[in-house]
Amino acid sequence: MKEAKSSRLHLHHQQPNGHVLPFKLARLLDPEASWDKDQLGDVLHWIRQVLGLVCGLLWGAIPLVGAIWIVVFLVISSGFIYGYYVHVLKIDEEEFGGHGVLLQEGLFASLTLFLLAWILVYSLVHF
């Protein structure tokens, strides 16, 4: 059982002729797909970066001001990540270090990107 599970954990699958099959986007929504810690961490990191950029652009364009909107972003971002790995991927979080490790993946980088996008768009649109 353990051998079969570990053989499914590769992001790229090597063919007998040596060619590597690319990562398929459908895998991101497949609860049957297997993930290793690095792969899942990368996916969660990049999802957070996209959320940070989109929310930062939106917050700046509306314009929203105040620290409460930072908290709202953190809640949205963490809620989305939690929902993604629990309800979409249906993974056992204990195999990956628990909820704390998974929820922290990419958090600080996405917060930085969110703030940068928010401030830049706000200053360009409203000054």
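Visitor: Which residues does Leu89 touch, leaving aside those up to four places away in sequence?
Guide: In this predicted model, Leu89 touches Arg27, Leu28, Asp30, Pro31, Trp35, Leu40 and Tyr84, once residues up to four places away in sequence are set aside.

Visitor: And where does Leu89 sit in the chain?
Guide: Leu89 is placed in the loop between helix H3, residues 68-88, and helix H4, residues 99-104. Leu28, which is among the residues it touches, lies 61 residues away along the chain, and the C-alpha atoms of Leu89 and Leu28 are separated by 7.7 Å.

Visitor: Is Leu89 buried or exposed?
Guide: Leu89 counts as buried, because its relative accessibility is 1% and the cut-off for burial is under 20%.

Visitor: What about Lys90, buried or exposed?
Guide: Lys90 is exposed, because its relative accessible area is 57%, and this residue is also found in the loop between H3 and H4. Most residues other than glycine have a negative phi.

Visitor: Where is there a cis peptide bond?
Guide: A cis peptide bond joins Ile62 and Pro63, with omega at about -10°, and Pro63 is found in the loop between H2 and H3. Most peptide bonds are trans.

Visitor: Back to Arg27, then: what does the side chain of Gln39 do with it?
Guide: The side chain of Gln39 makes a polar contact with the side chain of Arg27, at 3.5 Å. Gln39 belongs to helix H2, residues 37-61, and it counts as buried because its relative accessibility is 8%. Arg27 is also one of the residues that Leu89 touches.

Visitor: What caps the N-terminal end of H2?
Guide: Asp36 caps that end of H2, with a side-chain oxygen lying 3.1 Å from the backbone nitrogen of Asp38.

Visitor: How far apart are the end C-alpha atoms of H2, and what span should its 25 residues have?
Guide: The end C-alpha atoms of H2 are 36 Å apart, and this agrees with expectation because 25 residues at 1.5 Å a residue should span 36 Å.

Visitor: At what angle do H2 and H3 pack?
Guide: H2 and H3 pack at an angle of about 145°, their axes being 10 Å apart, and the crossing of the two helices is right-handed. On the H2 side the contact is made by residues including Val43, Leu44, Ile47, Leu51 and Trp59, and on the H3 side by residues including Trp69, Phe73, Ile76, Phe80 and Tyr84. Tyr84 is also among the residues touched by Leu89.

Visitor: Zooming out, how many helices and strands are there?
Guide: The protein chain has five helices and two strands, following the pattern α-β-β-α-α-α-α along the sequence. Of its 127 residues, 31% count as buried, and among contacts between residues at least 6 apart in sequence, 69% join residues at least 24 apart.

Visitor: Where is confidence lowest, and where highest?
Guide: Confidence is lowest in helix H1, residues 2-7, at a mean pLDDT of 39, and highest in H3, at 97. Over residues 1-15 the pLDDT is below 50, although this stretch has 22 contacts in the model beyond near neighbours in sequence. Where pLDDT is low, the predicted coordinates should not be read in detail.

Visitor: What does the protein chain average in pLDDT?
Guide: The protein chain averages a pLDDT of 86, and 82% of the residues score at least 70.

Methods
Residues are numbered from 1 along each chain as its sequence is written. This is a predicted model: local features need pLDDT of at least 70, side-chain atom pairs count only at pLDDT 80 or more; totals for chains, interfaces and linings use all residues. Side-chain values use heavy atoms; hydrogens and water are left out. Helices (H or I, at least four residues) and strands (E, at least two) are DSSP runs, numbered from the N terminus. Buried means under 20% relative accessible area, exposed over 50%, partly exposed in between (1.4 Å probe, protein chains only). Contact means heavy atoms within 4.5 Å. A polar contact is a pair of N or O atoms within 3.5 Å; within protein, one must be able to donate a hydrogen and the other to accept it, and residues adjacent in sequence count only if both atoms are side-chain atoms. The expected span of a helix is 1.5 Å times one less than its number of residues. pLDDT is the predictor's confidence in each residue, from 0 to 100. Axes are lines fitted to C-alpha atoms, for helices over the stretch in contact, and angles run from 0 to 180 degrees between N-to-C directions. A crossing is left-handed if the near helix is turned anticlockwise from the far one by less than a right angle, and right-handed if clockwise.
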